[in-house]
Amino acid sequence: MSILTVQLGQCGNQIGFEVFDALFSDSYCSPGLCSKKENEAYQASCKERFFSEEGNGDLVARAVLVDMEPKVINQTLLKASQAGRWKYSQHACFCQKQGSGNNWAYGYSVHGPRHEESIMNLIQKEVEKCDSLSGFSIIMSMAGGTGSGLGTFITQKLQDQFPKSLKMNQVVWPYGTGEVVVQNYNSILTLSHLYRSSDALLVHDNDAIHKICEKRMNIRQISFSDINQVLAHQLGSMFQPTYSAEGSFHYRRSPLGDLMEILVPHPEFKMLGVRSIPQMSESSLAYSTFTWAGLLKHLRQMLISNAKMEEGINWHVRPPVSGLPTLGKTPCNKELHFNTSIANLVILRGKDVQSADLGGFKDPALYTSWLAPADAFNAWKTQRAFNKYEKSATLVSNSQFLVKPLDLIVGKAWNMFASKAYIHQYTKFGIEEEDFLDSFSLLEQVISSYCNL
Amino acid sequence: MTQSVVVQVGQCGNQIGCCFWDLALREHAAVNQRGIYDEAISSFFRNVDTRAVGDGGSISKGRICSLKARAVLIDMEEGVVNEMLQGPLRDVFDSKQLITDISGSGNNWAVGHKVFGSQYQEKILEKLRKSAEQCDCLQCFFIIHSMGGGTGSGLGTFLLKVLEDEFPEVYRFVTSVYPSSEDDVITSPYNSILAMKELNEHADCVLPIDNQSLFDIISKIDTVVKSGKLGKTVKPKSLVTSSVGASRKRHQKPFDAMNNIVANLLLNLTSSARFEGSLNMDLNEISMNLVPFPQLHYLVSSLTPLYTLADVNVPPRRLDQMFSDAFSKDHQLIRADPKHNLYLACALMVRGDVQISDLRRNIERLKPSLQFVSWNQEGWKTSLCSVPPVGHSHSLLALANNTCVKTTFVELKERFTRLYKKKAHLHHYLQVEGMEEGCFSEAVSSLSALIQEYNQLDATKSMPVQELPRLRIAV
């Protein structure tokens with residue numbers, strides 16, 4: 001089944017390019033460390049999911065590119081055609097002349113309705129190119145105007161027009177120390193609306209990825225390309241084909257469906273995070289060897305201590321001793337040391353993957369009480385290696401890890417809202433104070449729900 | 001991509017405008033080597049086939065034939081505009097897009113605003129509509145004028161109301177040259193205060209400039225150039241004051257160096273909208289991010305670097321120095337002290353070979369020494385444009401919405417009061433039809449209210465940041 005990617009705004013389009021490039025590189029340019037037959041099946045599965053083929057054999061990304069001003073889409077198309085490995089369809093782009101001005105209200109209330117028909121038509125055309133559609137991967141930032149506002153609008157329309165298809169939003173969390181002055185407003189409006197219409201929000205945090213680039217990859221002058229490539233790697237390691245229950249050569253048919261089923265058991269809890277290890281620069285890879293035991297130990301500790309990178313992990317954090325009753329509600333402003341999970345998925349790729357022991361992840365102490373660990377934890381093992389990594393482990397989790405960052409954003413937005421600063425820019429386009437209050441309420445509810453796990 | 005129209009009013013406005021168009025051509029020539037008319041150039045220029053009879057039909061693609069500035073030139077005396085139309089830039093201006101008169105406004109805001117305003121309203125509308133029609137998607141009007149005179153100040157601000165009524169969705173960015181205390185026009189305080197009211201009410205965003213700051217920047221550069229010690233030679237094209245490589249070969253007028261600085265400000269302001277980069281910033285984002293309340297739309301600008309050293313033996317100044325300089329008073333285009341006042345928001349618009357990590361590192365580094373208002377502690381807006389300005393490998397324009405602007409306004413008000421108390425020269429204004437003392441008192445009230453807004457924000461400076469109670473959820 002196919003996944004249709006909708007790239008929105010500058011961020012969405014820049015990241016989208018890197019994602020398709022990473023998927024292509026992995027499928028067609030990596031050793032795979034497996035049999036030829038397996039590799040071919042992998043490539044075929046990847047192609048079905050992410051690329052369509054033109055008559056002359058050219059691979060075309062299954063994507064719709066949307067932006068309210070032309071510069072980024074032009075750049076993106078140019079990059080793809082210059083690299084010459086795969087391309088975007090010229091007809092799958094929707095562009096306007098003037099951007100959304102970092103204004104969520106403008107993206108949602110003006111651009112949305114105005115361009116709904118054209119954009120949805122474009123999406124429909126791309127959907128028809130797929131034999132069967134698993135769902136949509138919508139890439140957008142929260143901080144700007146188009147990705148956030150228009151992205152939210154389009155997600156809602158997708159829900160109306162394709163009720164049977166799943167939607168996973170790739171939501172890019174901005175740097176804490178300001179990229180856009182009104183980023184907190186745009187963020188809370190985005191998150192609150194998406195919570196109602198999306199099936200899962202996979203959060204990608206600029207600050208976290210930046211640290212990975214800095215500390216793990218040793219990149220000195222980090223550009224957005226670097227950041228986007230790390231993000232693409234994480235997403236690729238999640239989306240690339242994995243064996244289904246039938247074993248080798250049989251790759252899972254419904255990637256999004258399987259992900260959702262495992263990770264989002266309850267509609268109140270939709271925030272997902274992804275961590276993929278090892279994280280290191282390619283030059284260091286040649287000198288490193290990994291064991292599954294080592295990787296999994298790190299990954300497990302990263303999960304429970306809420307570490308985002310494979311360095312500076314706090315090894316003192318331990319799961320609560322099982323058997324002790326939970327002492328009422330955990331107050332939210334207390335430092336959440338232990339990260340409780342609702343559900344976890346570990347994806348392992350590479351050599352001797354069958355020997356990997358995942359016992360550590362099945363510990364009931366890691367999870368809330370309402371799902372048995374057998375249901376809360378899943379593992380997908382695939383012999384075919386990912387990219388240049390002989391062994392790689394990816395963790396996709398639905399856990400408390402986002403509570404603190406979300407709380408921070410809501411707090412800052414609330415503070416600004418109390419002073420009424422910038423509100424006139426939103427009311428100008430039909431987003432009133434009540435809409436803000438609705439958003440705050442919804443998100444406080446989400447924070448509270450996650451806190452009380 | 002969108003287009004912008006520049007409306008240059010009065011002597012000062014037109015002289016700055018002239019420098020702007022010259023440097024804009026220079027910049028586009030440096031970037032666009034193949035002579036193709038692309039979207040970046042189209043933001044400020046039309047492509048016209050001069051062989052065609054009549055208007056000179058606009059060509060939207062293909063090779064550059066003849067570039068015409070998207071500009072409207074307005075002056076109530078002919079000298080400056082005539083000189084421009086006879087100078088090396090004569091082909092760049094559309095000779096029909098200008099409005100001139102002979103007598104001038106006599107440094108009298110009332111004459112500029114009331115007399116010439118009503119007299120030329122239709123003609124002004126006609127020219128503006130024409131330039132708007134020639135745009136595919138008009139986003140912004142840039143108005144350039146001075147505050148202290150009669151035409152730029154009076155007619156320039158009259159224009160704002162016309163623009164607001166006729167093109168309500170198009171942004172109005174105003175570059176205003178404020179009179180310094182040694183200004184030789186005696187009535188400049190009157191003109192400025194009367195103009196301020198219009199700026200308060202009808203401008204989306206104002207970039208105040210004062211001559212003294214521009215002059216100080218020139219002095220600083222002169223010191224470096226003349227010192228020439230240790231082989232420190234400056235790349236001529238890189239000087240923020242220079243016209244090298246542009247059509248006007250050498251400085252013809254004493255103000256050219258100063259005007260080039262302002263021209264560079266406008267180029268840097270629009271660079272991320274015209275050229276590609278990893279984090280674009282369009283003009284509508286400036287207003288959105290830097291104007292928290294409609295009246296507080298005055299931005300302090302600072303430009304760096306002012307020059308680039310040519311000597312390869314001297315190591316390039318560290319990138320971080322550029323960021324420090326942007327927050328130093330030496331680089332500001334208006335006398336103000338943002339570091340000791342309160343930031344409401346700050347934009348950093350970077351050009352050239354700079355990446356996101358450089359930006360983040362410097363924000364972290366400089367943040368502790370800057371005070372941001374309690375509800376906007378992380379009030380930064382950042383942009384990265386890949387194309388550097390001519391003669392540099394990178395540059396930075398900082399736009400700060402900071403309470404320090406109020407000092408300029410307070411001084412202006414004081415100068416006004418000194419004059420007004422004695423009713424000096426008042427009759428020149430009151431004898432103009434439509435003018436009465438009420439106009440003055442209204443203008444002063446408007447300014448006082450604005451100053452009061454800044455004062456109220458300043459009062460929050462030393463208060464501890466309050467943790468406001470959040471919404472509680474019933475479980």
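The expected span of a helix is 1.5 Å times one less than its number of residues. Keep that rule in mind as you explore this predicted model.

**Stop 1: a helix in chain A**

Select residues 183–197 of chain A, which form helix α6. This helix has 15 residues, and the distance from its first C-alpha to its last is 21 Å, close to the 21 Å expected.

**Stop 2**

Ten of them make up an open sheet with mixed pairing, in the order β5-β4-β1-β6-β7-β8-β11-β14-β12-β13. To find its edges, pick β5 (93–95) and β13 (377–382) of chain A, each of which pairs on one side only. From one strand to the next, the twist averages 20°.

Next, highlight β12 (residues 341–350) of chain A beside β13(A): the two pair in the parallel sense over six bridges. Here A:V346 stands opposite A:A379 in β13(A).

**Stop 3: strand β10 of chain B**

Move to chain B and select residues 342–352, strand β10. Eleven of its eleven residues are buried, so β10(B) is largely enclosed by the rest of the structure.

Which strand pairs with β10(B) in the antiparallel sense? Look at β13 (residues 394–402) of chain B, joined to β10(B) over nine bridges. B:Y343 stands opposite B:N402 in β13(B), and B:Y343 also stands opposite B:F372 in β11(B).

β10(B) and β11(B) pair in the parallel sense over two bridges. Trace the chain from β10(B) through helix α11 (residues 356–366) of chain B to β11(B), and you follow a right-handed β-α-β crossover.

Also parallel to β10(B) is β12(B), joined to it by six bridges. Along this pair, B:L348 stands opposite B:T382 in β12(B).

**Stop 4: an asparagine between strands**

Finish at B:N376, in the loop between β11 (371–372) and β12 (380–385) of chain B. Is this residue buried or exposed? B:N376 is buried, with a relative accessible area of 3%. Leaving aside neighbours within four places in sequence, show what B:N376 is in contact with: A:V181, A:M416 and A:Y422 from chain A, and B:L344 and B:A345 from chain B.

Terms used. Residues numbered from 1 in each chain as written. Chains lettered and ligands numbered in written order. Predicted model: local features only at pLDDT ≥ 70, side-chain atom pairs only at ≥ 80, totals over all residues. Heavy atoms only, no water. Helix = DSSP H or I, 4+ residues; strand = E, 2+ residues; numbered from the N terminus. Buried < 20%, exposed > 50% of the residue type's maximum accessible area, 1.4 Å probe, protein only. Contact = heavy atoms within 4.5 Å. Pairing = 2+ DSSP bridges. Axes fitted to C-alpha atoms, helices over the stretch in contact; angles between N-to-C directions. Right-handed = clockwise from strand over helix to strand, strands pointing away.
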